[in-house]
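Visitor: Could you take me through how the helices of this model pack, and then through one of its pockets?

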Amino acid sequence: MATGKVSYRHMADTTVEDLRLLEEDFEDSLQAYPDRLLAAVANLANFQGPLQVTRLEHSLQSATRAYRDGKDDEYVAAALLHDIGDELAPYSHGAMVAAIIKPYLGERLAWVIEKHGLFQAYYYAHLAGGDRNARDKYKDHPYYDDCVEFCEKYDQNCFDPDYESLPLEFFEPSIRRIFGKPMSFSEGLGD
Ligand SMILES: [Fe+2]
Ligand SMILES: [Fe+2]
């Protein structure tokens, strides 16, 4: 546990000792990172609106279907987390979650999650006068098919109250393994 306070009131006055304190605190804080992510997923139970399932159930369905299809732990984690930005970033939740997962799950899954809102619009945009094929501007992107697949198999179909999802606890160990991996303080500098 980091103890003591930094000496500065303006960051311009940071000392080497201050940096040591911050580094210690950063490492402590990372240890609890999986807990914060799991809490963010659990918090989706508070949001349902007119949907037939809560947003937590939607996320569990997404992760469960991915798991049952034999997707790897990283993919399943992306599925579980893909909507945790819904309430904090109503116009850019995909980009928000992509930023969260990218250092841990890599570029492909980050891209899929970043774009899933646009790709998912394929299923309803035409009903509101929009272009359901707007995603096709990414047709030549190397991850285009991955995002189409994610939306088709693990997102648009995950609003079913009769589907039997695995509980959040089932996914806990892999979330702890993936997001508990130590990162150095310097990797986070400047971000
Ligand atoms: Fe979403
Ligand atoms: Fe979703």
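**Helix packing and a pocket**

Guide: In this predicted model, α3 and α4 pack with their axes 7 Å apart, at an angle of about 165°.

Visitor: Which relative direction do α3 and α4 take, antiparallel or parallel?

Guide: The angle between α3 and α4 is about 165°, and angles over 145 degrees count as roughly antiparallel. The crossing of these two helices is right-handed. The angle therefore makes α3, relative to α4, roughly antiparallel.

Visitor: How many charged residues are in the contact of α3 with α4?

Guide: From α3 the contact draws on Ser59, Leu60, Ser62, Ala63, Ala66 and Tyr67, and from α4 on Tyr75, Val76, Ala79 and Leu80. By class, eight of these residues are nonpolar and two are polar, while the number of charged residues is none, that is, no charged residues.

Visitor: How are α4 and α5 oriented to each other, perpendicular or parallel?

Guide: Helix α4 covers residues 73-81, and its axis comes within 10 Å of that of α5, the two crossing at roughly 105°. Angles of 65 to 115 degrees count as roughly perpendicular. The orientation of α4 and α5 is therefore roughly perpendicular.

Visitor: Which class, nonpolar or charged, has nine residues in the contact of α4 with α5?

Guide: On the α4 side the contact is made by Glu74, Tyr75, Ala77, Ala78 and Leu81, and on the α5 side by Val97, Ile101, Leu105, Arg108, Leu109 and Ile113. Two of the residues in this contact are charged and no polar residue takes part, and the class with nine is nonpolar.

Visitor: What is the handedness of the crossing of α4 and α7?

Guide: Helix α7 spans residues 168-179 and packs on α4 with the axes 10 Å apart, at an angle of about 115°. These two helices are therefore roughly perpendicular to each other. The handedness of the crossing of α4 and α7 is left-handed.

Visitor: How many polar residues does the contact of α4 with α7 have?

Guide: In α4, Asp73, Glu74, Val76, Ala77, Leu80 and Leu81 meet a set in α7 made up of Leu168, Phe171, Ser174, Ile175, Arg177, Ile178 and Phe179. By class, this contact has nine nonpolar and three charged residues, and the number of polar residues is one.

Visitor: Turning to the second largest pocket, which element gives the most to its lining?

Guide: The second largest pocket has a volume of about 230 Å³. Two or more lining residues come from each of α3 (55-68) and α5 (93-120). With four residues, the element that gives the most to this lining is α5.

Visitor: How many residues of the lining of the second largest pocket are charged?

Guide: The lining consists of Arg55, His58, Asp83, Asp86, Glu87, His93, His116, Gly117, Gln120, Tyr124, Asp155 and Phe159. These residues divide into two nonpolar and five polar, and the number of charged residues is five.

Visitor: How many helices does the protein chain have?

Guide: From the N terminus on, the elements run α-α-α-α-α-α-α-α, and the C-alpha atoms fill a box of roughly 60 × 35 × 30 Å along the principal axes. The chain has zero strands, and its number of helices is eight.

Note on methods:
Residues numbered from 1 in each chain as written. Chains lettered and ligands numbered in written order. Predicted model: local features only at pLDDT ≥ 70, side-chain atom pairs only at ≥ 80, totals over all residues. Heavy atoms only, no water. 1 Å grid on protein atoms, 1.4 Å probe; cavity = no way out; pocket = protein on both sides within 12 Å on 5 of 7 lines; lining within 4 Å. Points joined across faces, edges and corners; volume = space filled by probe spheres on them. Nonpolar A, V, L, I, M, F, W, Y, C, P; charged D, E, K, R; others polar. Axes fitted to C-alpha atoms, helices over the stretch in contact; angles between N-to-C directions. Parallel < 35°, antiparallel > 145°, perpendicular 65-115°, else oblique. Contact = heavy atoms within 4.5 Å. Left-handed = near helix turned anticlockwise from the far one by under 90°.
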